[in-house]
Amino acid sequence: MSRMLRVEKRLTQTVWQDVFVTLLSLVLALLFGAVFLRALGVSPWEAYSEMFRASMGDFFGVTETIGKATPIMIAGVGVLLAFKMSVWNIGAAGQAFIGALAATTAVRYFFVDNRFVMFWIMLALVVVTAGSWSAIAGYLKARWNVNEIITTLMLNYIALQILYYFVYGPWRDPASLGFPMTAPFPLAARLPFLGETRIHIGLILAVILAIVFWYVFRSTRWGYEIRVMGQSPRTARFAGMNYGKNVVLVMFLSGAIAGIAGMGEIAGLAGRLQPGFTADYGYTAIIVAWLARLNPLAIPLVSFLIGALQVGGETLQIVMRLPLASTLVLQGLVLFFVLGGEFFRFYRIRLVREVSD
Amino acid sequence: MEFMVMILAAAVRSGTPIIFATLGEILTEKGGILNLGLEGIMLVGALTGFAVSFYTGQPWLGIGAAFLAGMALVSLHAFVSITLRGNQVVSGLALTIFGTGVSAFLGQRFIGLTITGLGRVAVPGLSTIPVVGRIFFEHDLLVYVSYFLVAFLWWFLVSTRAGLHLRAVGDTPRVAEAMGIDVTRVRYLATLLGGGIVAVGGAYLSVVYTNIWTEGMSAGRGWIAVALVIFAIWHPGRAAFGAYLFGGVVAFQLRLQAAGTRVPIPLLMMLPYLLTIVVLVFITIRQGKGILFGSPASLGQPYFREEST
């Protein structure tokens, strides 16, 4: 008689398992991050408590974190929409750049000195432009099955260069002393802030989007179709659903929403167009969507955690002189552990006795 | 003519890191594992290559260390996607995020330093061939290693028993298993070796091409390599052709910048990425709608032996 480990498929997955596995993954990622920090001669305890203090320790910290989390939340909802359909939109960063460019275009060429009207003009232009930008990848996939991972990524690099072209070239503010940035936006083109915080109304938009898409996926026919197409395009085709049309539509919406994240960054926080404001948003949005297990309602919570990680990372940079990239290290680890944890959601390992003859 | 030869020779040099990355990914994907972590692996390879060369003064040690670092990093992806059967797209992205972070983090102390890289060695005989000699045979030794690797991988996949087994594992793991091939072992080997080769591509950037380390210096080459695998329909020979094509665009763009062109630099910098999309579209259309020719049939799908019984 011998004993051996057997891997068995679980028949059901419960919400409790999801939450438990996700939390455990986060804890393990932090533990591994601690090993990493220790190896570099940094006290992990000091680093983590510093991060926690800065991001959640007081009212100011929490508002900073929420401010940081807002664009992540918006972009997270955007890519989640595509992921539901198993369309891999990796281009949220580029779409945010295009959104920022569109918002600046609105300010430069369609300016109306009325905050309410200006908001809608900006939003409309951003949605159309950033949506069309990402719909290019959707169309190429729908029409010829061109790999959307590559096209959305390449569009990131192209969007960044377009941004550089404008801020280093025709749109550069002569008064900026050579810095690549446009002139500050007039007040009417700025998003209102909530009280004395750095939280702008993009937060409300983000929460509304999360709730809307939660409802869409839960209770509408279209949401159901998107889910079916995500799980099995073949089944969807046999059921008469139009895969191609929906790929384009989903990519349009996904990109438009990511574009709004870019608009929030410049019309909200920065108040002018400048490069480097969304360097890692594309990746971050993917992490958020995945950590939320593609549930829109979980996006705000996860975004808050990632926002805290980023605020904490910035503090580490200032206080402990650690590179900002340390947050990327932690984000990568979190993602690995969550993925590894998936295994235990879908399979269980049992010790079984085998009778040898 | 002189200008053309110069551009083409430069194309070979700037195409070489992409060749390594593309060949590594072909090896991995032939075994059925999709690795989207190339960008992260190249960066870690570039940093390791630079750091080890800096401390030891031996560029070859740096390149060897980069190979090992690439294997170590990709082992995360291998474990998650082969043993834990996780989503390969997300795991690869995690690898890119992690590798980008780790290289920026650890690389901070090397910013601004320089190393002595590999010198150029003209191949006796071959370098005297008119035009061709100057384009292909007046480079550093690592370029010649890349030629050898193209030929070797080509021969390996087409003509060897082990290559056949690898392709079987990537196409129909179930059948491969029935043939007595250890699918898990083959996939691990292909993923680890592939990751090591990708990292050498990264090391080429820092150790040979620029002799410096800068954050994010792979600048999308890892992703271009992922696209080139499709362009090459998983064929090492076509991969080399594609890499030189892109190297040519990069070299051409750099020369135009150096010549002080009036075209804005960002528009030039866009060219390689734009060309990647155009080529990808062209190649996908030519192969027709639906499944890509030459793609390993079970690429990206986890394999679970127990389910087969």
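Biologist: How much area is buried between chain B and chain A?

Modeller: This is a predicted model, where local features need pLDDT of at least 70, side-chain atom pairs count only at pLDDT 80 or more, and totals for chains, interfaces and linings use all residues. Residues are numbered from 1 along each chain as its sequence is written, chains are lettered from A and ligands numbered from 1 in the order in which they are written, and side-chain values use heavy atoms, without hydrogens and water. Buried area is the accessible area (1.4 Å probe) that two parts lose on being put together, summed over both. Carbon and sulfur atoms give 83% of it here, and the total is about 4300 Å².

Biologist: Which helix of chain B gives the largest share of the side that touches chain A?

Modeller: Helices here are DSSP runs (H or I, at least four residues), numbered from the N terminus. Among those supplying at least two residues each are helix 3 (59-83), helix 4 (88-107) and helix 10 (221-231) of chain B. The largest share is 15 residues, and it comes from helix 4.

Biologist: How many salt bridges are there between chain B and chain A?

Modeller: A salt bridge needs a side-chain nitrogen of Lys or Arg within 4 Å of a carboxyl oxygen of Asp or Glu. 51 residues of chain B contact 44 of chain A (heavy atoms within 4.5 Å). Even so, the salt bridge count between chain B and chain A is 0.
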